[in-house]
Amino acid sequence: MASSSSSSSYSNSPCAACKFLRRKCLPDCIFAPYFPPEEPQKFANVHKIFGASNVSKLLNEVQPHQREDAVNSLAYEAEARIKDPVYGCVGAISVLQRQVIRLQKELDATNADLMRYCNEVPNPTLGRRNNHNNNNNNNNLGEGGGGSFYFPSSSSSAWNNDDTCGGGDGYHRG
């Protein structure tokens, strides 16, 4: 009997929100499913940035199947706001966008280097191909067709072995 009372008291432990707010956690607590007692910092961050009343109002206005996503978004934004009070998650997004731009420029430069290399190095496989392939080797380079390395394009052609540099190793766009 003692074990059943201890397990029932454990199952009635307050959620992180009710524990933080020092109130009794009722069975219909709006916070309980999303702020488990094992994650007290999650609610503390959300409370610090948004306030318990605002979070409660938001959760009551959101459809039940969307509440978990809403809480996860609030928790992410709250953590980002605590780390960077001015920009929050927008600062992280901005850093990632600049990184993507930098990496795209690096990829473009590498592709340009590969183009120059392919134009300087004689390709022994070109002599073995028929005239049809030789006539179409350099069409639409940079637009997703015929190149020997990847160029992003609006067309979605399959990868194949038809390339102008490298002898058909299967890693080039056709």
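The legends below describe close-up views of a predicted model. Residues are numbered from 1 along each chain as its sequence is written, and side-chain values use heavy atoms, without hydrogens or water. Local features need pLDDT of at least 70 and side-chain atom pairs count only at pLDDT 80 or more, while totals for chains, interfaces and linings use all residues.

**View 1. The protein chain and its secondary structure.** Seven helices and two strands make up the secondary structure, in the order α-α-α-α-α-α-α-β-β from the N terminus. Helices (H or I, at least four residues) and strands (E, at least two) are DSSP runs, numbered from the N terminus. Of the 174 residues, 29% count as buried; buried means under 20% relative accessible area with a 1.4 Å probe, protein chains only. The accessible surface is about 12,000 Å², 54% of it from carbon and sulfur atoms, by the Shrake-Rupley method with a 1.4 Å probe.

**View 2. The largest nonpolar core.** A nonpolar core is a set of buried Ala, Val, Leu, Ile, Met, Phe, Trp, Tyr and Cys residues joined through side-chain atoms within 4.5 Å. The largest one has 19 residues, of which C15, F31, F35, F43, V46 and L59 touch the most other members. At least two residues come from each of α2 (16-21), α3 (40-50), α4 (52-61) and α5. The largest share, four residues, is supplied by α5.

**View 3. Surroundings of F31.** Contact means heavy atoms within 4.5 Å. Apart from neighbours within four places in sequence, F31 is in contact with C15, A17, R23, F43, A52, V55, S56 and L59.

**View 4. Helix α3 and the residue after it.** K42, F43, A44, N45 and V46 are the buried residues of α3. These buried residues pack against α2, α4 and α5. G51 follows α3 and has a positive phi, near 85°.

**View 5. Helix α6.** This helix covers residues 89-120, and its 32 residues should span 46 Å at 1.5 Å a residue, which agrees with the 47 Å between its end C-alpha atoms. The expected span is 1.5 Å times one less than the number of residues. Within α6, C89, G91, N111 and C118 are buried, and the cover of its buried residues includes α5 (67-83).

View 6. In the model, residues 93-120 are 100% helix and 0% strand, with end C-alpha atoms 41 Å apart.

Notes:
Buried means under 20% relative accessible area, exposed over 50%, partly exposed in between (1.4 Å probe, protein chains only).
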